[in-house]
Amino acid sequence: MGLADKLAFGFGAKLEGNSFDTIKEDKKNPKKSSSELIPKNQHQLVFTFEKRNGKPVTLVGRFNISEDDKKEVLKLLKKKLACGGAINEEWLELQGDVKDKIKTILESDGWKFRK
């Protein structure tokens, strides 16, 4: 298949007009769905527990807040629990089985949990 055949099928960059579409899609961070931001007293947070390579990981989630607020909550939990953690989309991942401690810390901060 030659270059002319590929261009006939639409492969390659679009060169019509003044703007050139050569942007690649970011596969690691696909565009986030536009979910609305919810105040912390209206959240219904849930826990999941996983073992990764034999180590316990507690996930707290579905935070529908801004990225800066997620970072602040994660920083608070990591400081109070003395453990590592990360943000994965709407979930906060914390090292260890710390569900009860997380619940007391976040409830005192005004967060709601699903019963």
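Predicted model: local features only at pLDDT ≥ 70, side-chain atom pairs only at ≥ 80, totals over all residues.
**A chat about Leu77 and its surroundings**

Biologist: Leaving aside its neighbours within four places in sequence, which residues is Leu77 in contact with?

Modeller: Leu77 is in contact with Ala82, Leu92, Leu94, Ile102, Ile105 and Leu106, once its neighbours within four places in sequence are left aside. Contact here means heavy atoms within 4.5 Å.

Biologist: Thanks! Back to Leu77: is it buried or exposed?

Modeller: Leu77 counts as buried, at 0% relative accessibility. Buried means under 20% relative accessible area, exposed means over 50%, and partly exposed is in between, using a 1.4 Å probe and protein chains only.

Biologist: And where is the place of Leu77?

Modeller: Leu77 sits in helix H2. Helices (H or I, at least four residues) and strands (E, at least two) are DSSP runs, numbered from the N terminus. The C-alpha atoms of Leu77 and Ile102 are separated by 7.1 Å, though these residues are 25 apart along the chain.

Biologist: How do the axes of helix H2 and helix H3 cross?

Modeller: The axes of H2 (residues 67-81) and H3 (residues 99-108) come within 11 Å and cross at roughly 125 degrees. Axes are lines fitted to C-alpha atoms, for helices over the stretch in contact, with angles from 0 to 180 degrees between N-to-C directions. H2 and H3 are therefore oblique to each other. Angles under 35 degrees count as roughly parallel, over 145 as roughly antiparallel, 65 to 115 as roughly perpendicular, and the rest as oblique.

Biologist: Which residues make the contact?

Modeller: H2 brings Val73, Leu76, Leu77, Lys80 and Leu81, while H3 brings Lys101, Ile102, Ile105 and Leu106.

Biologist: Let's zoom out. What pattern does the protein follow along the sequence?

Modeller: The pattern is α-β-β-α-β-β-α, with three helices and four strands. Of the 115 residues, 23% count as buried.

Biologist: One more: where is Pro39 found?

Modeller: Pro39 is in the loop between helix H1 (3-9) and strand E1 (46-52). Pro39 is partly exposed, with a relative accessible area of 43%.

How values were computed: Residues numbered from 1 in each chain as written. Heavy atoms only, no water.
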